2 protein chains.
Amino acid sequence: MAEIASLDALAGLMARQRAVREFTNDPVDDGLIERLLEAATRAPSAKNEQVLRFVVVKRPETKQQVAAIVGETPGPGRTPWDEVPVLVFVCAANPFGETATGAAAQAGSVYPGIQNLLLAARSAGLGTVLTTSRAKIKEAELRALLNLPQGTDIYAIIPMGWPVAKIGKNRRRPVAEVAYRERFGDAW
Amino acid sequence: MAEIASLDALAGLMARQRAVREFTNDPVDDGLIERLLEAATRAPSAKNEQVLRFVVVKRPETKQQVAAIVGETPGPGRTPWDEVPVLVFVCAANPFGETATGAAAQAGSVYPGIQNLLLAARSAGLGTVLTTSRAKIKEAELRALLNLPQGTDIYAIIPMGWPVAKIGKNRRRPVAEVAYRERFGDAW
């Protein structure tokens with residue numbers, strides 16, 4: 001019987017999930033990456049369709065091609081994408097269709113798994129940042145580079161590596177400001 | 001320094017997240033619900049907009065009104081919504097707009113928090129099931145019932161309570177079937 005995280009330990013972890021954009025040059029072991037991907041597969045999906053697919057990019061040549069396509073602006077405290085140890089491309093086909101219900105089913109099948117991946121990375125001490133911008137996910141060029149089949153799209157790019165700085169607690173609005181009882185506006 | 005879940009403990013928890021639709025009559029303590037909501041607030045959001053709002057429904061009259069609006073088909077192994085101890089309505093305004101980038105930013109700001117809520121509930125032994133169907137989230141009627149302000153929409157309804165049955169492990173495709181190296185289709 002495997003150990004299961006207590007609410008205390010889980011809350012402690014979630015309070016320390018922060019976007020990390022600066023990474024050391026230390027490599028990330030494939031066995032560890034596989035454990036993070038396994039965590040991602042465990043998330044729920046509508047009709048248990050398990051839509052998520054992952055392309056893990058570690059080769060310098062591929063990262064350079066990604067960086068050239070994305071053409072990001074370099075900045076302080078940001079490791080350029082061609083120097084980030086790992087880029088995880090989170091992809092999926094959409095079996096639910098383009099209706100409002102289909103779009104919600106798809107979103108609810110993609111992002112919980114992404115969150116599992118980010119939480120698992122954090123628990124291992126790895127830094128990540130969730131990138132969903134369509135401006136960065138230049139669909140046509142990156143699809144060609146990654147050889148994505150028709151119907152499979154990129155939902156997120158997750159740079160990952162060992163953080164340069166300590167990952168502290170995040171800051172969030174207190175529950176009293178975002179939760180209500182029975183009706184919106186009625187104080188929790 | 002709070003305890004932080006290890007990858008082992010987190011993986012053990014994630015492997016045991018399953019949809020639960022049958023609940024005992026036992027009430028769920030408000031203090032516990034607040035801890036789950038706090039876990040949800042800790043998730044990342046685009047530009048740290050923290051878009052999530054929660055309406056927690058526990059009163060029998062409100063639940064009966066919800067059940068009447070949703071008009072779900074009763075079935076074996078499913079507690080009717082008017083008898084579920086807690087219905088959590090996950091709501092949000094969308095500050096990112098209706099472009100493809102805006103929609104991705106919004107989805108990436110809503111569902112990670114939902115997943116935090118579901119994982120936190122599971123770690124406490126609570127059962128939940130994620131409902132995103134627009135057919136169930138009958139927007140106009142439920143908006144009126146919950147007194148939602150204009151621009152704030154319902155993204156999910158989460159029935160929650162103590163499970164009747166033991167929550168076992170979920171079954172998922174192995175990583176080798178969903179992960180690739182460098183290019184889609186190249187074996188992990």
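Q: Taking a polar contact as a pair of N or O atoms within 3.5 Å, where within protein one must be able to donate a hydrogen and the other to accept it, and residues adjacent in sequence count only if both atoms are side-chain atoms, how many residue pairs are in polar contact between chain A and chain B?
A: There are 44 residue pairs in polar contact between chain A and chain B, with both residues at pLDDT 80 or more. This is a predicted model, in which local features need pLDDT of at least 70 and side-chain atom pairs count only at pLDDT 80 or more, while totals for chains, interfaces and linings use all residues. Residues are numbered from 1 along each chain as its sequence is written, chains are lettered from A and ligands numbered from 1 in the order in which they are written, and side-chain values use heavy atoms, with hydrogens and water left out.

Q: OK, and how many residues does each chain bring to the contact?
A: Chain A brings 85 residues and chain B brings 85 residues, where contact means heavy atoms within 4.5 Å.

Q: Switching to helices, where does Gln115(A) sit, and is Gln115(A) buried or exposed?
A: Gln115(A) lies in helix H4 of chain A, a helix being a DSSP run (H or I) of at least four residues, numbered from the N terminus. Gln115(A) is buried, with a relative accessible area of 0%; buried means under 20% with a 1.4 Å probe, protein chains only.

Q: So what does Gln115(A) touch?
A: Leaving aside residues up to four places away in sequence, Gln115(A) touches Gln17(A) in chain A, and from chain B Ala43(B), Pro44(B), Pro112(B), Gln115(B) and Asn116(B). The side chains of Gln115(A) and Asn116(B) are also joined by a polar contact of 2.7 Å.

Q: And on the chain B side, what about Leu119(B): which helix is that in?
A: Leu119(B) is found in helix H4 of chain B, which covers residues 100-123, and Leu119(B) is buried, with a relative accessible area of 0%. Not counting residues up to four places away in sequence, Leu119(B) touches several residues, among them Leu10(A), Met14(A), Leu119(A) and Leu13(B).

Q: How far is Leu119(B) from Arg16(B)?
A: Their C-alpha atoms are separated by 9.4 Å, although Leu119(B) and Arg16(B) are 103 residues apart along the chain.

How values were computed:
Helices (H or I, at least four residues) and strands (E, at least two) are DSSP runs, numbered from the N terminus. Buried means under 20% relative accessible area, exposed over 50%, partly exposed in between (1.4 Å probe, protein chains only).
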